[in-house]
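Student: I have a structure to go through before group meeting. Can you walk me through it?

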Amino acid sequence: MAVFSYIGTDQTQATVRGTVRADTARQARDVLREQGIRVRKIAESLDQRAQIQKQATFSLPSLGMAKQSTSVIAELSMLLHAGVPLLDAFDTITDQYSGRFRSALLSVRERVAAGESLASAMQSRPDLFDETTIQMVEVGENAGTLETVLSQVADFKQRQSRFTDAVTTALVYPAFLVCFGTAAGIFLMTGVLPPLLENLEETLPALPWPTRVAKRLSETLIDYRWWWIIGTSILAFLLAGAVKTPRWRSHLDQIVVRVPLLGPMIIKQNVSRIAMVIATLSRSGVELTKAFDLAARSVRNTRFRDALKQTGERIAAGQEIAEALSVDNVFPPLAIRVFSVGQESGKLDEMLFRLADDYDEQVKTTSARLTALVEPVLILVLAVMVGFLLLATILPILEAGNVL
């Protein structure tokens, strides 16, 4: 069956909207007519689960959709706290959105209206809600604390988004300098320098050495340009394929964490995310072994992912949390100590949140310092490169003026 979203009027002439399951649009109209609804507009909703899972597998997740889903969770928590029924809350929220995202929310609402739990309805939209969110919502529904859990999920998502935005912002300017500098250098070497040197060679008996070096580099870029393009494309393709291969991805993750300055920052970033996920799940009532399993799915670094899975298995087998964490030699001593003390004192979620906040601040500070260090280095490299090209261009012009 397909899902159709509709707008119509009921027997009191009030405007109603929602979704209905049917094989065809005509059948959907018949179902609504039997319910006393006069349909003004009806359209098929794009929420087939198989299609969604296929899109989630073969395409990158939409950052805008992820941020919108975080807002929906926060708004849903607020309305439930105010005593608004779940379906009415969905109706209020969906009115604020349009397009594909609104259709997705309507499909979730339709499943809830049909008797499914909210967690089960969310599970039908893996492009909007991750496993951590679904697991926490399920625990909240079973415990009768859904609005509280939704508030915790929203807070977790917002903290995670702020942290990601801060790190991304710190890396934007250096990335821009690298791209701009590379593009400018290639343009000068292939578009500006060759015609200029062609005229100067006819005037001067011998070119200055900086000009000869620049000329040689320019000829290499131009004469072998297709080899450069094909080689770069093949290299990028091989690297992209290697990153997707578990074995090479594991080797890359091992190498990255050993890079000076960058390695410690990546370790703290992953530990902060793990601590935040486990703290949020623990506060919501998820058992610790399940929390470790969900945290493993939420991190991309294979080194931490494997360590979390093995740690969860060791804890399930009866091993102490500190001993289980220290076996793989992945987590910093401070993190292991916090887990141990938090479990013994019964304040694991509180201490993990503090650890996450502390590591967040350290990562932000380190990224800011790294950016402050990288920016002048990149500017200096660009200045040397451009200065050398200017020198290679100006020297033969001056010598040609002296000859004339």
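This is a predicted model: local features need pLDDT of at least 70, side-chain atom pairs count only at pLDDT 80 or more; totals for chains, interfaces and linings use all residues.

Tutor: We'll take confidence, packing, salt bridges and surface in turn.

Student: OK, how confident is the predictor in the chain on average?
Tutor: The protein chain averages a pLDDT of 80. At least 70 is reached by 91% of the residues.

Student: Which elements have the lowest and highest mean pLDDT?
Tutor: Helix 2, residues 49-58, has the lowest, with a mean of 41. Helix 16 has the highest, at 90.

Student: Where does pLDDT stay under 50?
Tutor: Over residues 47-62. The model has 17 contacts beyond four places in sequence for that stretch.

Student: Packing next. Which residues touch the most other members of the largest nonpolar core?
Tutor: L76, L118, I278, F292, F331 and L352. That core has 69 residues.

Student: And which helix gives the largest share of this core?
Tutor: Helix 12, residues 262-283, with ten residues.

Student: What other core lies apart from it?
Tutor: One of ten residues. Its members include M189, L193, L200 and A392.

Student: Back to L118. What is it in contact with, leaving aside neighbours within four places in sequence?
Tutor: L76, L86, F90, V108, V112, V137, E141 and L146. L76 is also on the list of core residues with the most contacts to other members.

Student: What about T311, buried or exposed?
Tutor: Buried, with a relative accessible area of 0%. T311 is in helix 14.

Student: What does T311 touch?
Tutor: F292, A324, L325 and D328, not counting residues up to four places away in sequence. F292 is another of the core residues named above.

Student: Change of topic. How many salt bridges does a search of the whole structure find?
Tutor: Eight.

Student: Start with D328, then. What is its partner in a salt bridge?
Tutor: R314, with the closest N and O atoms 2.9 Å apart. The pair links distant parts of the chain, 14 residues apart. D328 is in the loop between helix 15 and helix 16, and R314 is in helix 14, residues 302-316.

Student: Are those two buried or exposed?
Tutor: R314 is buried at 17% relative accessibility. D328 is partly exposed, at 23%. The cut-off for buried is under 20%, so R314 falls inside it.

Student: Which residue forms a salt bridge with D293?
Tutor: R297, with the closest N and O atoms 2.7 Å apart.

Student: Why are R297 and D293 separated by about one helical turn?
Tutor: Because they are four residues apart in helix 13, residues 288-298. R297 is partly exposed, with a relative accessible area of 44%. D293 is partly exposed too, at 25%.

Student: And E116, what does its side chain meet in a salt bridge?
Tutor: The side chain of R111, at 3.2 Å from N to O. R111 is buried, with a relative accessible area of 15%. E116 is partly exposed, at 29%.

Student: Which residues are linked in a network of salt bridges?
Tutor: K215, R216 and E219.

Student: Surface now. Which residues make the nonpolar surface patch?
Tutor: W226, I229, I230, I234, F237 and L238. The patch covers about 680 Å².

Student: Pick I234. Where does it lie?
Tutor: In helix 10, residues 225-244. I234 is partly exposed, with a relative accessible area of 46%. Patch residues need over 30%, so I234 qualifies on that count.

Student: What does A242 contact, leaving aside neighbours within four places in sequence?
Tutor: W248 and R249. A242 lies in helix 10 as well.

Student: How many Å separate the C-alpha atoms of A242 and V363?
Tutor: They are separated by 28 Å. Along the chain, the two are 121 residues apart.

Student: Last one. Which value of phi does N329 have?
Tutor: Near 55 degrees. That is a positive value in a residue other than glycine.

Student: Where is N329, and is it buried or exposed?
Tutor: N329 lies in the loop between helix 15, 321-326, and helix 16, 333-345. At 62% relative accessibility, N329 is exposed. D328, the salt-bridge partner of R314, is in that loop too.

Notes
Residues are numbered from 1 along each chain as its sequence is written. Side-chain values use heavy atoms; hydrogens and water are left out. Patches are made of residues with over 30% relative accessible area and no salt bridge: like charges are joined within 9 Å, nonpolar side chains (Val, Leu, Ile, Met, Phe, Trp, Tyr) within 5 Å. Accessible areas come from the Shrake-Rupley method with a 1.4 Å probe; for residues, only the protein chains shown count as cover. A salt bridge is a side-chain nitrogen of Lys or Arg within 4 Å of a carboxyl oxygen of Asp or Glu. Helices (H or I, at least four residues) and strands (E, at least two) are DSSP runs, numbered from the N terminus. Buried means under 20% relative accessible area, exposed over 50%, partly exposed in between (1.4 Å probe, protein chains only). A nonpolar core is a set of buried Ala, Val, Leu, Ile, Met, Phe, Trp, Tyr and Cys residues joined through side-chain atoms within 4.5 Å. Contact means heavy atoms within 4.5 Å. pLDDT is the predictor's confidence in each residue, from 0 to 100.
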